[in-house]
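Hi,

Here is the structure I said I'd pass on. Have a look at it first, and then read my notes on the backbone below.

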Amino acid sequence: MSKQLPHGSWPSSISAAQVAAGTKPLGGAAFAGEEVIIQQARPEQGGRITLWRHDAASGERRQELIPREYNVRSRVHEYGGASWVLLPGAEPDGWGIVFANFTDQRLYLISAPGAAPVALTPPNLEQGNPTLRFAELVPTAAGDAVLAIMEDLSGEPVRHIVAVPLDASAATDRAALNVLTPPARFVAFPRLSPDARQLAWISWEHPNMPWDGTELHLAALTGTSLRTAGLADERVIAGSGQTSVLQPEWVDGQRLAFISDASGWWNPYLYDVAAGTSRPLLQREEEFAGPLWQVGTTWYTVESENTLLVSHGTGLTGLSRLRIADGQLQPLRLPVTRIRPLQLRGRQLLAATSSMTQGEQISLIDLAAVDGRDAPGGTRDEAPTGDEAATRGATCLRPLARAIDQLPPADQLPQVEELEARNAEGEAVHALLYRPRNQGYRGPEGHKPPYITMVHGGPTSQAAATLSATIAYYTSRGIGVVDVNYGGSSGYGRAYRNRLRGQWGVVDVADTVAVIDALIERGIADPHRIGIEGGSAGGWTVLSALTNSDRFTAGISRYGVSDLVALVADTHDFESQYMFSLVGPYPQEAELYAQRAPINHLQDISCPVLVLQGDEDKVVPPAQSQVVVDELARRGIPHAYLLFAGEQHGFRQEANIIAALEASLAFYAQVFGFEADVPPLELS
């Protein structure tokens, strides 16, 4: 019989220390002979990102490849991504890795395991800030250079696709970097044709973000070497200021696949170089891509000249084989809730996967085993569950690295429910519901649990269904969580994303309130114990919700936006005009900016607030949080402020992750009135 205890006080074996120490964010992966190289973060080393050798058969982690004084992390577009590449022909005993180092943003080459990194690009620090940054590295068949995005911040920001010599000649001579593409505000996805005679890439200009509108370029390469090549016959073959085109990939020398949302959904297309025409491979009200926050993000891979392996879906995503000739999809049923293909070798697929039992991981998928079990014509809705899923996972999908080192006990893990609410206009609002769950415990009779409303950042992003150690930290203690995909979130088509255009601080708040109203009306949540928390853009929605509604009795803002004018003035180039679409052009709409900003309505906050901030945050500077704290103190609103030294946008250091999570639980315990197994938090 289960034991009856107050919600929030259930004994849980999931500690903040386990969440921090056992959660190692994963990045890319690549085959290297009989091994796989996997990117992982090390919270115990301040969140430093490194590369490890793993045995492809057993998944055993064998050797760290990057010396401790280096951090494999790019700052291109500030959010980075695609910060390393394994050179072709690499084998365990003789390989090459090129990577971007976080501190100086130079590219380095490691020619063999244990070898000292050799700089490939010139020193470029001005007052401690790198003015040249590199990302999305692409090896070339000739083996004498890599293609890369080069971000130049020495003057007005500009980006190019460049060829970086591997002989280190550019380490002392910037002129040795061969600039291939014309200047653009932003570029991504450099893709070299199989014969190395054509180059494809995308670009976009302010005020667009890559999900608003991009252009797909194609050009012929002149010369015999990329180190000296130029471009000819450069043209735009798809996309516009109102159409988002992503991830071009060469199917063969004359056909280029890409993703476009011309139909209102990110769907796959094919461009015929000889004919100069494009056609949709299929049109379906599902997303085959997502917002490009980090360069190098991919959603499909070319399997053969006849097929693509594609990730697609809405709230959940699955993997299918797409037939190029007629657009037919063959679902490949796997025990996952999210999946992104990374690299294919023969019938073995490296993929980034997520599930409710395993969390995020780098997986090796045996396509031959999947094909042997699946009959064509199935659907994602027929994905296996329970014992069947476990059996299939063991035979078709093998984890090589998990973000969560030690999985929490299965009987303390929440289950996910897709929830749909309706806002005041009758529009659908999507959310993911995680009820309290800890086998052996239940709340008092007649008492409903407190709920934490999680608001994702972005705001052009999506709350994804996966095992989250942070969510399990709450739910295993008897606290419910609802993760809201308010209007403006990705995953549900362009029209759903566009609901937030000009309405940030309005639609996101109204939709979040609509989800809470649905939980209360359906008897799921205690209406007097509703918390809300979010980071970055999610922190903005938290503060906006606290100043514009009375549904919430506690709020936590992590590096949240409070002042739009300051954000426009202080934030980095990538997002410097993001507000133009979310609110309106500035300074023309200065009055609207003032009207929307929580900083000008802090007098309307009446519930306790916890503010968490990193002191080196360049995206949302600490001043954005300090002004909130000062006003809460002036008005005598119970609050606490934790400023973490050495943290940027998002917490990466193990000690700070622990402190932030324990402080959050202690905060809710004090406000909601339950005993918690963490040190108390003093509210000023």
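A quick word on terms: strands are DSSP runs of E with at least two residues, helices are DSSP runs of H or I with at least four residues, and both are numbered from the N terminus. This is a predicted model, where local features need pLDDT of at least 70, side-chain atom pairs count only at pLDDT 80 or more, and totals for chains, interfaces and linings use all residues. Residues are numbered from 1 along each chain as its sequence is written, and side-chain values use heavy atoms, with hydrogens and water left out.

Some background before the details: most residues other than glycine have a negative phi, and most peptide bonds are trans.

Now the phi angles. D233 sits in strand β19 (residues 230–239) and has a positive phi of about 55 degrees, though it isn't a glycine. E136, in strand β12 (residues 132–139), is also not a glycine and has a positive phi, of about 50 degrees.

D233 is exposed, with a relative accessible area of 54%. For those words, buried means under 20% relative accessible area, exposed over 50%, and partly exposed in between, using a 1.4 Å probe and protein chains only.

Then the cis peptide bonds. One joins H206 and P207, with omega at about 5 degrees; P207 is in the loop between β17 (198–204) and β18 (215–222). Another joins Y586 and P587, with omega at about 15 degrees, and P587 is in the loop between α9 (578–582) and α10 (590–596).

Cheers
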